[in-house]
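Dear colleague,

I am passing on the structure we spoke about, so that you can look at it beside your own notes. Please have a look at the sequence and the coordinates before you read on.

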Amino acid sequence: MKLIFELGTDGQGTDLLPECDVPKADPGPFARSSAVRLPQVSEVELSRHYAALARRAHGVSDGFYPLGSCTMKYSPKINEELASMREFTGIHPLQPEDSVQGCLEVLARCETMLCEITGMDSMSFQPAAGAHGEFTGLLLIRAYHKSRGDEQRRKIIVPDSAHGTNPASAAMAGYEVVNLPSGPDGCVDLDALKQAADEKTAGLMLTNPNTVGLFDRNILDITKIIHDAGGLCYYDGANMNAIMGIARPGDMGFDIVHLNLHKTFSTPHGGGGPGSGPVGCKASLSRFLPGFLPNPCGSRYSLKRPPNSIGDVKAFYGNFLVVLKAYAYLLELGKEGIPEAARNAVLNANYMMSLLKGHFQAAYDRPCMHEFVITLEQEKKTSGISAADIAKALLDHGIHPPTMYFPLIVQEALMIEPTETEPRETLEEAAKVMNQILDEAQKEPSTIHLQPLHTPVRRLDEVAAARRPIVCYEYPQE
Amino acid sequence: MNFPKDLKYSKSHEWVKQEGTQILVGLTDYAQDALGDLVFVNLPEPGDALRAGEALGDVESVKAVSDIISPVDGTVAEINETLLDAPETINQSPYEAWLIRVKDIFSEEDLMNAEEYESFCAAQT
């Protein structure tokens, strides 16, 4: 299909803006040397172009999307409608507090509910996404040690199964990353952790359930080892969907938590945002939180900066409308619905794993949480069928591939997270398709390497795309 | 899969070639095959200190980024700059595409010979 720049003819553009009615300023040396070249297309061409692009994309509204570690669940549309209300979209962050009491109340109530779910005491909504939340959490850890004059703590311990953003955030916050090898069961190796934790340890970053979809049963021992060494424990909320309303990071011994509201709490994601990665903490750390928090004063709310705040990590109050959607979602599901969603997420994953058993090898053969990992290592060795082959073949069936080659501790990994919003029939159909793909590939391995056959583009040259990406359009020379 | 007899091997799949008092370090055929097509290579600077068991750089394939582990304590004498623009050389000829040359080596990890490394790879499940 053509790019927007290749469409249209000169003079065919659409006038979207009214005539300029302010005097033209002279930009002097900053003036452009040539006119801006915008695509010259009519409105109907523009509309068709983007409709065609949308048809070629795949979202949760198009089909099953079991992308592990991403929680691509369906987010109720009604929450989008609430977030589009003029009363919420038409406000300005510098408006007098008296005129935005409703919005401050949303922030305050959402904070209370999410603190209840995570077992934390306060929360800042400023961070805009998951990795931003991680980075903010690490700045809290740094502020804590600094406030105690304990600045020799330079190490952050991260298990080798962690999301890649964990070590990246720690390095970004100026810490040295200590990579902790997982035990054979995919969980934290307690002896290795004891070895690693010492007077130089600033903290530990962990997800539980972890990235192989298992709940680490030693979690209380793990957080105790870190606390005994004088460090803090950071909970990456990426996998919160498995335990929300059932188990609380605060009760597991974590001091700081981030959540991905755009994932777990009803904002669709994968399209570039906006997201929200609020950071919650225990009361002893509240004074370091970034931004401004809504404080109740009698019957109204006012915004206050925590006394020893690390400052701002984003302008104003973060992505408020995403918080609003989370708040609506929490009210809709209630204290019965939130744990029920988590239980169904776990049930769906286990059901799908059981449907794939007999064909596919589970990386860890025990009941999983909200996601599980299968490995094609044997198939790759014996018949050349790789995880990527299965993923590509699924595209012909209108199913988004699972996460591939992650976590790194499993060879030829496919990581499947069905989520709680998929009906049983979808899981059965998807498992049937996957089993058939593998059966056919084992009979005739050469055919699978050609798939997908029916997608707008087939196998792309990933190497060339990574080595020599072309991301700028160049107009043909005239 | 190729396991040249004149090289020594580490458990993290680097090969070591002795050249007088210095060594060359590269990635084995097994490693390049497991990583898949490489798209970027990050190497240290000449003069950098190396610690055995710690990352000396990393390689990025279409699948993932992986650390390259130093098999020795020593100092980087030279890096193979041609790899920075042509990481595919590692996939094409892993035993010619040396990554770095190391000097002033004062301690070395336990390394395997070709035969031992071959059975080590065969045992990887």
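Predicted model: local features only at pLDDT ≥ 70, side-chain atom pairs only at ≥ 80, totals over all residues.

Between the chains, 6 residues of chain A are in contact with 5 residues of chain B. On the side of chain A that touches chain B, 4 of the residues are nonpolar and 2 are charged, while none is polar.

Lys63(B) sits in the loop that runs between strand E6 (55-61) and strand E7 (65-69) of chain B. Leaving aside residues up to four places away in sequence, Lys63(B) touches Leu35(B) and Gly36(B), and also Tyr405(A). Because 20 other C-beta atoms lie within 10 Å, Lys63(B) counts as buried in this model.

In chain A, helix H5 (residues 130-147) and helix H6 (residues 165-172) have axes that come within 9 Å and cross at roughly 45°, which makes H5(A) oblique to H6(A). The crossing of these two helices, H5(A) and H6(A), is right-handed. H5(A) contributes Gly130(A), Ala131(A), Glu134(A), Phe135(A) and Leu138(A) to the contact, and H6(A) contributes Thr165(A), Asn166(A), Ser169(A), Ala170(A) and Met172(A). Sorted by class, the contact of H5(A) with H6(A) has 5 nonpolar, 4 polar and 1 charged residues.

Methods:
Residues numbered from 1 in each chain as written. Chains lettered and ligands numbered in written order. Contact = placed C-beta atoms within 7 Å. Nonpolar A, V, L, I, M, F, W, Y, C, P; charged D, E, K, R; others polar. Helix = DSSP H or I, 4+ residues; strand = E, 2+ residues; numbered from the N terminus. Buried ≥ 20, exposed ≤ 12 C-beta atoms within 10 Å, placed from the backbone. Axes fitted to C-alpha atoms, helices over the stretch in contact; angles between N-to-C directions. Parallel < 35°, antiparallel > 145°, perpendicular 65-115°, else oblique. Left-handed = near helix turned anticlockwise from the far one by under 90°.
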